[in-house]
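Reader: I've just opened this one up and I'd like to know what the labels rest on. Could you walk me through it?

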Amino acid sequence: QATHLSDYRPPAYRVICTELTFDLDPAATRVKASLHLERHPQREAGLPLELDGEGLDLKVIALDGQPLEADEYAVSDTGLIVHRVPERFRLETEVEIAPQANTALEGLYRSGSMYCTQCEAEGFRRITFYPDRPDVMATFTTTVIGDAEREPVLLSNGNPVERGSLPNGRHFATWEDPHPKPSYLFALVAGDLEKVEDAFTTASGREVTLQIWVEEENLGKTDHAMASLKRAMSWDEQAYGREYDLDLFMIVAVNDFNMGAMENKGLNIFNSAAVLTHVHTATDAAFQRVESIVAHEYFHNWSGNRVTCRDWFQLSLKEGFTVYRDQCFSADTNSPAVKRIEDVSVFRTSQFAEDAGPTAHPVRPDHYIEIGNFYTLTIYEKGAEVVRMLANLVGKEAFRRGSDLYFDRFDGRAVTIEDFVGCMAEASGLDLTQFMRWYSQAGTPEIDAFGEYDYARGEYRLMLRQRTPATPGQPDKQPLHIPIRLGLVGTKSGRDLPLTLNGETLGSDAVIDLREAEQEFLFTDVSEAPVPSLLRGFSAPVKLRFPYGREDLAFLLANDSDGFNRWDAGQRLAMLALDDLIAAHRNGVEKVMDTRVVEAFRGLLSAEIDDRAVLAEMLTLPSEAYIAEQQPLVDVDAIHAARTFVKQGLATALRDDFLRVYRENHCDESYAPTPEQIAGRSLKNVALSYLVAIEDEEGIAQAMEQFEADHNMTDVRHALTLLTHSSRDDLSEPALRAFGEKWAHDTLVMDQWFSIQVTRPQPDVLDRVKFLMEHPAFSLKNPNKVRALIGTFAGQNRVNFHRIDGEGYRLLADVVIELNRLNPEIAARLITPLTRWARFDETRQELMKAELERIRAEKLSPNVYEVVEKALA
Ligand code: ARG
Ligand code: ZN
């Protein structure tokens with residue numbers, strides 16, 4: 001039941017225009033479709049018409065106005081076949097569906113009292129019979145009929161053209177979308193919603209009305225999303241020359257949503273968590289996430305909608321490119337160095353883990369069972385890294401010429417990754433043949449680097465060896481074209497030395513191209529012994545090893561001109577210390593604090609601070625998940641113990657510095673999510689976390705005060721987290737209770753309340769997870785709740801999820817089994833931590849596999865089936 005890239009063929013028939021009428025009813029919505037179809041010019045005549053359709057109750061079917069006889073068509077579980085059709089024709093169908101029974105949240109479903117849709121990737125087939133594939137692009141006219149009181153607002157894609165009343169308290173609205181689009185971009189929303197309105201004038205003078213639709217109680221939470229939208233609209237005009245193309249742009253917030261948001265043409269639908277913010281309910285991180293997701297969905301209007309994907313194997317064509325675009329946007333509006341550090345931290349933890357596990361796949365997979373399982377870090381984030389490498393390889397100007405060419409040449413078409421890279425090759429004149437391997441080869445390339453300085457000759461020889469480990473289905477790998485940005489930092493001057501390679505002067509910060517399995521680079525005229533600063537800015541998504549000593553790392557941490565690599569040197573230094581401590585813990589040897597780490601941190605804390613946000617990142621130890629990624633065999637307890645030891649060691653040694661930094665960065669201004677304020681809060685809160693880690697009296701008092709001052713959610717949540725994760729139940733319990741009561745009415749804040757509690761390191765947390773699953777604010781049917789409680793526990797509370805009695809695994813498997821019936825997409829995602837069993841000790845391996853087997857014994861959705869089969873293969 002797998003679909004293969006190599007099987008691609010254009011559809012036999014394409015749809016020119018699609019007319020839909022929805023008569024809404026929770027249990028029995030009627031969907032009438034009138035499709036104007038014609039034979040695809042590249043396909044032979046006389047083929048049957050095959051339409052996708054799932055869970056549809058067919059009531060009426062007619063071809064060119066003639067009802068079809070029972071033997072002229074056939075309906076199955078997956079679709080409808082009309083045996084004989086002419087070259088051009090009109091097909092009318094009417095089906096009945098039940099939105100209120102739709103717990104998978106794909107197709108048309110209910111979220112609270114509203115109706116909404118999610119069609120990407122293959123949800124439209126749950127709405128009506130249709131060629132539900134991205135290379136079929138049609139104009140849509142949609143009429144929505146609803147109850148005038150319960151659903152005063154009726155929305156769909158494009159421009160509103162007509163509305164009016166109907167008998168029996170019903171009313172209707174008709175929408176027209178003139179831009180041909182695939183079915184996955186269709187959207188419908190109906191309900192009792194309020195709007196916030198604004199306007200934007202495009203560069204060429206088009207007046208665009210901007211609307212954000214929310215439930216009434218959320219009216220005060222849309223300002224930041226609206227401001228972000230306007231910034232994104234002008235950024236895309238400046239950076240890519242892309243303007244908006246309709247008179248109306250709408251965003252709707254819904255509480256029940258499988259993902260972050262969806263770029264439906266003219267009618268973006270958002271998970272409420274990805275659009276609503278308020279100083280008292282959303283953290284700085286949430287403000288930034290909203291900004292980037294609003295921008296991401298808006299940018300899809302060109303990279304995704306105007307130019308779309310030929311088939312779902314090309315998913316990264318729109319997602320990788322659009323993530324790259326939103327990353328650049330956020331870097332431009334915030335601190336670029338911190339943005340890069342944050343993105344790379346997530347990438348090296350989660351994407352590397354995906355690459356190393358049983359579900360590893362290339363940026364362009366060549367087969368899948370369920371495309372819903374491929375909305376992954378590899379498609380999105382690695383895809384974005386590949387586009388970033390391309391942009392750096394061809395250079396800024398050629399990249400812009402290439403993207404202009406791409407949007408121009410392929411406007412209104414459904415295309416492939418070759419088409420995109422082809423434009424870049426054409427615009428730059430570069431040969432990108434070898435580069436294309438990044439799209440087809442899975443796994444994280446590993447580079448071993450060695451360097452040698454010849455004092456007498458003033459030469460530095462850099463040797464690089466690349467290798468990509470085998471991944472499922474891909475035992476042998478070929479060398480990739482890997483751009484490595486680097487500098488040689490002089491040990492005497494502390495400066496980047498000028499680089500000369502093969503007689504060519506490169507400046508002091510340059511990119512070298514690694515193309516061979518093994519390659520040597522000889523730098524000449526190197527006037528002093530250097531420490532190499534390699535892979536600056538994470539110039540390629542690889543693991544790079546270099547035998548740095550602790551001195552070298554401390555030197556780079558203090559001197560590297562590249563902010564990203566300065567931070568990374570600190571991480572590497574901390575990792576060396578952590579490795580020793582992990583070994584000590586395993587061998588039952590007494591743990592000793594590495595004084596070099598203490599001194600490096602002391603240096604950071606007392607240095608003249610230029611970028612407080614970067615400093616906050618530098619003071620943050622690698623996460624347990626990141627540390628685990630570096631270990632051949634993951635010992636969760638040793639990692640937790642080692643990290644806690646370093647944290648407490650630093651806090652003890654530098655207690656006064658942390659307290660000073662905490663105080664110095666206190667801010668009384670009214671809250672604003674500006675880079676300046678966010679930097680101050682991050683730094684202050686990192687400092688506070690050290691103080692509370694040793695239960696310093698003053699630190700605890702500050703945390704209590706910060707919690708009670710209730711200045712903004714970032715500070716409140718951070719303080720509550722620190723108290724909750726400390727062993728001081730006398731402080732955390734009253735605080736948790738107060739917070740829970742205060743915010744009982746706010747579903748997004750309650751999600752945070754759940755997450756804070758289930759990440760407690762204390763061993764009794766599993767009972768709390770079970771207890772909270774019974775809490776009235778929890779629901780297995782709401783993906784945000786499942787993520788906040790179960791996903792956070794399994795993904796972030798490593799010591800307790802991996803309990804040696806297997807109770808953590810059992811709990812997760814129980815939830816997966818239940819969700820497999822309710823919401824397969826969420827169920828399949830939730831399994832991820834169990835699929836990583838190979839990284840753990842034998843006891844845990846057996847326990848994890850046993851739970852996977854228990855899941856496998858169920859009657860499984862394709863989503864869960866595919867993941868479990870891979871995990872147990
Ligand atoms: N295209 C959306 C976005 O990245 C995500 C849609 C995901 N849909 C799904 N069923 N997984 O902006
Ligand atoms: Zn996207």
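Author: Here is a question-and-answer tour of the model, which is a predicted one.

Reader: Let's begin with the sheet. What is the strand order in the open sheet of 8 strands?

Author: The order runs E6-E5-E9-E3-E2-E12-E15-E14, and the pairing is mixed.

Reader: What makes E6 and E14 edge strands?

Author: Each of them pairs on one side only. That holds for strand E6 (66–67) and for strand E14 (159–166).

Reader: How do you know that E14 and E15 pair, and in which sense?

Author: Two bridges are enough to call strands paired. E14 and E15 have 7 bridges between them, in the antiparallel sense. One of the links joins Pro160 to Trp175, its bridge partner in E15. The hairpin made by E14 and E15 has 3 residues between the strands, and Asn168 in this hairpin takes a positive phi near 65°.

Reader: Why is E14 said to lie largely in the open?

Author: E14 has 8 residues and the number buried is 0, so E14 is described as lying largely in the open.

Reader: What about E3 and E9: how many bridges do they share?

Author: Strand E3 (residues 29–39) and strand E9 (residues 88–97) pair over 10 bridges, in the antiparallel sense. Take Glu38: the bridge partner of Glu38 in E9 is Arg88.

Reader: Is Val31 buried or exposed?

Author: Val31, a residue of strand E3, has 21 C-beta neighbours inside 10 Å and therefore counts as buried. Leaving aside neighbours within four places in sequence, Val31 is in contact with Leu20, Phe22, Val95, Ile97, Ile127 and Thr128. Val31 and Thr143 are 112 residues apart in sequence, yet 9.9 Å apart in space, C-alpha to C-alpha.

Reader: On to helices. Why are H20 and H21 called roughly antiparallel?

Author: The label needs an angle over 145 degrees. The axes of helix H20 (residues 747–758) and helix H21 (residues 765–773) cross at roughly 155° and come within 9 Å. H20 and H21 are therefore roughly antiparallel to each other. On the H20 side, the contact is made by Phe754, Gln757 and Val758, and on the H21 side by Val765, Arg768, Val769 and Leu772. By class, that contact has 5 nonpolar, 1 polar and 1 charged residues.

Reader: Then what makes H9 roughly parallel to H11?

Author: Here the angle has to be under 35 degrees. Helix H9 (residues 550–559) and helix H11 (residues 595–606) pack at an angle of about 10°, with their axes 11 Å apart. That makes H9 roughly parallel to H11. In this pair, Arg550, Ala554, Leu557 and Ala558 of H9 meet Arg596, Ala600 and Gly603 of H11. The contact has 4 nonpolar, 1 polar and 2 charged residues by class.

Reader: Why is the peptide bond from Glu120 to Ala121 called cis?

Author: Omega is near 0° for the bond from Glu120 to Ala121, and that bond is cis. Most peptide bonds are trans. Ala121 is in the loop between strand E11 (114–118) and strand E12 (138–147).

Reader: Last one: which residues come nearest to ligand 1?

Author: Glu120, Met259, Met262, Gly372 and Tyr375 come nearest, out of 13 residues around ligand 1. Strand E20 (261–262) and helix H2 (284–299) each supply at least two residues of the shell. By class, the shell has 5 nonpolar, 3 polar and 5 charged residues.

Methods:
Residues numbered from 1 in each chain as written. Chains lettered and ligands numbered in written order. Predicted model: local features only at pLDDT ≥ 70, side-chain atom pairs only at ≥ 80, totals over all residues. Near = placed C-beta within 6 Å. Helix = DSSP H or I, 4+ residues; strand = E, 2+ residues; numbered from the N terminus. Nonpolar A, V, L, I, M, F, W, Y, C, P; charged D, E, K, R; others polar. Axes fitted to C-alpha atoms, helices over the stretch in contact; angles between N-to-C directions. Parallel < 35°, antiparallel > 145°, perpendicular 65-115°, else oblique. Contact = placed C-beta atoms within 7 Å. Buried ≥ 20, exposed ≤ 12 C-beta atoms within 10 Å, placed from the backbone.
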